[in-house]
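Dear colleague,

Please find below the structure that I promised to pass on to you. My notes on it come after the sequence and the model.

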Amino acid sequence: MHLSIDVLNKYTPVTEFYVDALLKKEIKANPNKIIVLDDDPTGVQTVHDIPVYTKWDTENIHRGFLEESNVFFILTNSRGMTVEQTTQVHNEIAQNIEAVAKETGTRYVIISRSDSILRGHYPLETSILRDNFEKFSGYKVDGEILCPFFKEGGRFTIDNVHYVQYCSDLVSANETEFARDKTFGYTSETLPEYVEEKTNGEFKASDCVCISLDDIHRMDFDKIESQLMGVEGFNKVIVNAISNKDLKVFCVALYRAMSKGKIFMFRTAASFVKVFSGNHNIPYLSRDMMVTDYTTNGGIIVVGSHTNKTTEQVEHLKDLEGIEFIEMDATLVKDDAAFQAEFERCLALEEKFISEGKTVCCYTTRALITADTGDKEDELRLAVKISDAVQNLVGKLKVRPAFVIAKGGITSSDVGTKALGVVRAYVLGQAAPGIPVWQTGNRSKWPGIPYIIFPGNVGEAETLKQVTDILMNE
């Protein structure tokens, strides 16, 4: 299904100041610590001044509970894991959270932050979280909130259909390249149908509770709250939204239902986290706010994503002066010796150029690499092997770059956790819409360096060029 972007203008906007005051009151009255499990590092693409942890042992979770902020992130990178791995990780995290919560006497809610275009281990992850919560807390989870709206990435949910913006058109997500993902693909047009497809019929499309844009724009808090109060049996709640104002209205009703005892699990994109936690807007970051240590060295950009948007952005980046481009031949990945030699060639060139004060962009061959077996798990393992090589282009560097940009979800997670060795980072804000910036912590490879996480599916053709230009020249 296709719509014109003009359809967004037909709805009467919400009176934001009024809703802001109501939401602020509800957030202040809610005692829960908000814990966001992020299946790749892009979930912080709407927030600022919030900590991110890459380890989920009880010690680090305890630190998260003690943070001044009402929300903290745990980066799982589960979108780059097998079913077995993500099952193990989510069981471990859920049990550690519950142990720390009991120790500290803190109530909490968990948001499973995932892809705004519906890829990832769903419904596996939230089902595991629900099972553990019910087992160890003794409470029942009434329902699950699904909210993939993400304005900065051009993702809108209208009449239960989730759309991706392409210039002046809105295209239903099931018609995009993302729905054809080899590991996490889907065919359903509406979100209720998506639920039925992904749960193999356990939850029927006809049973989903859908929060309409009409009710949101009428600010009918009572009706929305009533819908939420009627949810039980882990049934799914679909949230339609075309702006953060819509989420604010929904969250007022949501908090009211929660205050009356309703318990929900959440599967959402990044925008929901911002609104639900009350994180306010700040301007996009300047170079001085990101690059705080003086250096004559160049920066480094590593690109692992293979989306059409990423390829287009890399081509436009070539118009920017002062960048050296290195293509790593990922087609060699099935030959260990040849792939290792290719990696060492790229690394040597990076060292040379960065030391000379030049910014380097190293990208993998644009062709998709497929496994000979055609098995989805084998496809994922090959992708992880390539991502390991890409992150080592940062991790093996002997010279400290001025900044690091990683393009792509799996790539940016591996660069952050493996190459940079981040245990705790601080989210400074965004370099551009949907593009978060970490400041690495003291235990990382290069403390205090700006790490720009650039999702593969976010931005316009010129965005990568514009962000790099700010970091190099502003």
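This is a predicted model: local features need pLDDT of at least 70, side-chain atom pairs count only at pLDDT 80 or more; totals for chains, interfaces and linings use all residues.

Residues are numbered from 1 along each chain as its sequence is written, and side-chain values use heavy atoms, with hydrogens and water left out.

The protein chain holds 15 helices and 19 strands (DSSP runs, H or I of at least four residues for helices and E of at least two for strands, numbered from the N terminus). Its radius of gyration is 22 Å, close to the 23 Å that the globule rule gives for 474 residues, so the chain is as compact as a globular protein of that length; the radius is taken over C-alpha atoms, and the rule is 2.2 Å times the number of residues to the power 0.38. Buried residues account for 60% of the 474, where buried means under 20% relative accessible area, exposed over 50% and partly exposed in between (1.4 Å probe, protein chains only).

The second largest pocket has a volume of about 670 Å³. Here a pocket is an open set of points on a 1 Å grid over the protein atoms alone, where a 1.4 Å probe fits, with protein on both sides within 12 Å along at least five of seven lines, and lining residues have an atom within 4 Å of a point; the volume is the space filled by probe spheres set on the points, which are joined across faces, edges and corners. Of its 27 lining residues, the closest to the centre are Asn 244, Lys 274, Asn 279, His 280 and Asn 281. Helix H1 gives the largest share of this lining, 5 residues.

Asn 132, in helix H4 (residues 124-137), counts as buried because its relative accessibility is 6%. Its side chain makes a polar contact with the side chain of Asn 91 at 2.8 Å (a pair of N or O atoms within 3.5 Å; within protein, one must be able to donate a hydrogen and the other to accept it, and residues adjacent in sequence count only if both atoms are side-chain atoms).

Asp 388, in helix H13 (residues 376-395), is partly exposed, with a relative accessible area of 26%. The side chain of Asp 388 makes a polar contact with that of Lys 418 at 3.0 Å.

With best regards
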